[in-house]
Amino acid sequence: MEAHQSPERTPDGHFVVIKGRKWRATDPSIPEEIAARLRRHLMSARRAVRSATTAGDAQAERAARARVNQAKTALGERGTPWWDQPEDERRRRWEEGLARLDAEARS
């Protein structure tokens, strides 16, 4: 897969396939602007995991991994599958997740 191409999806659209492995797809009901903000939080948290691991800071690593989990859950990639949730629960999941991540980033 080239960098500018979207990954292959399963026929039901629930998963993407990368190097032969299935990963849960991001909830398609999330508006693109919101999904982009959540992805920025996710990538920032992943960088923090790397920095904390390199520094040997277990507490910072746990906090960063918790942020990764929050972002992935808000994106619908973890937790209850987005296709099993009613629309209002899906919206609440990403709205509350983004609010928590934004608040943590400000503190």
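Is Arg65 buried, exposed or partly exposed? With a relative accessibility of 46%, Arg65 counts as partly exposed, where buried means under 20% relative accessible area, exposed over 50% and partly exposed in between (1.4 Å probe, protein chains only). The model described here is predicted, so local features need pLDDT of at least 70 and side-chain atom pairs count only at pLDDT 80 or more, while totals for chains, interfaces and linings use all residues. Residues are numbered from 1 along each chain as its sequence is written, and side-chain values use heavy atoms, with hydrogens and water left out.

A look at the overall architecture comes first. The protein has 3 helices and 3 strands, arranged along the sequence as β-β-β-α-α-α. Helices (H or I, at least four residues) and strands (E, at least two) are DSSP runs, numbered from the N terminus. Along the principal axes, the C-alpha atoms fill a box of roughly 40 × 35 × 25 Å. Of the 107 residues, 32% count as buried. Contact means heavy atoms within 4.5 Å; among contacts between residues at least 6 apart in sequence, 54% join residues at least 24 apart.

Beyond its neighbours within four places in sequence, Ile30 is in contact with Ala35, Leu38, Ala74, Leu75, Arg93 and Trp94.

Ala45 lies in helix H1 and counts as buried because its relative accessibility is 0%. Apart from neighbours within four places in sequence, Ala45 is in contact with Ala64, Arg67 and Val68. The C-alpha atoms of Ala45 and Glu61 are separated by 9.5 Å, with the two residues 16 apart along the chain. His41 also has its place in helix H1, and its 15% relative accessibility is why His41 counts as buried. Residues up to four places away in sequence aside, His41 touches Arg67, Leu98, Leu101, Asp102 and Ala105. With one of these, Asp102, the side chain of His41 makes a side-chain polar contact of 2.7 Å. A polar contact is a pair of N or O atoms within 3.5 Å; within protein, one must be able to donate a hydrogen and the other to accept it, and residues adjacent in sequence count only if both atoms are side-chain atoms.

The structure holds 8 salt bridges, each a side-chain nitrogen of Lys or Arg within 4 Å of a carboxyl oxygen of Asp or Glu. Asp102 takes part in one of them, meeting Arg37 at 2.4 Å from N to O. This pair links distant parts of the chain, with Arg37 in helix H1 and Asp102 in helix H3, 65 residues apart. Arg37 counts as partly exposed because its relative accessibility is 27%, whereas Asp102, at 17%, counts as buried. Glu32 and Arg39 form another salt bridge, with their closest N and O atoms 2.4 Å apart. Here Glu32 counts as exposed at 52% relative accessibility, and Arg39 as partly exposed at 35%.

Arg65, the residue of the opening question, forms a salt bridge with Glu61, the closest N and O atoms being 2.9 Å apart. About one helical turn separates Glu61 and Arg65, because they are 4 residues apart in helix H2. Glu61 is partly exposed, with a relative accessible area of 21%. Elsewhere, salt bridges link Asp27, Glu87, Arg90 and Arg93 in a network.

Finally, there is the largest pocket, which holds about 570 Å³ of space. Its lining has 23 residues, and those closest to its centre are Val16, Arg24, Thr26, Arg39 and Glu77. Strand E2 (15–18), strand E3 (21–24) and H1 each give two or more residues to this lining, and the largest share, 6 residues, comes from H1. On a 1 Å grid over the protein atoms alone, a pocket is an open set of points where a 1.4 Å probe fits, with protein on both sides within 12 Å along at least five of seven lines; lining residues have an atom within 4 Å of a point. Grid points are joined across faces, edges and corners, and a volume is the space filled by probe spheres set on the points.
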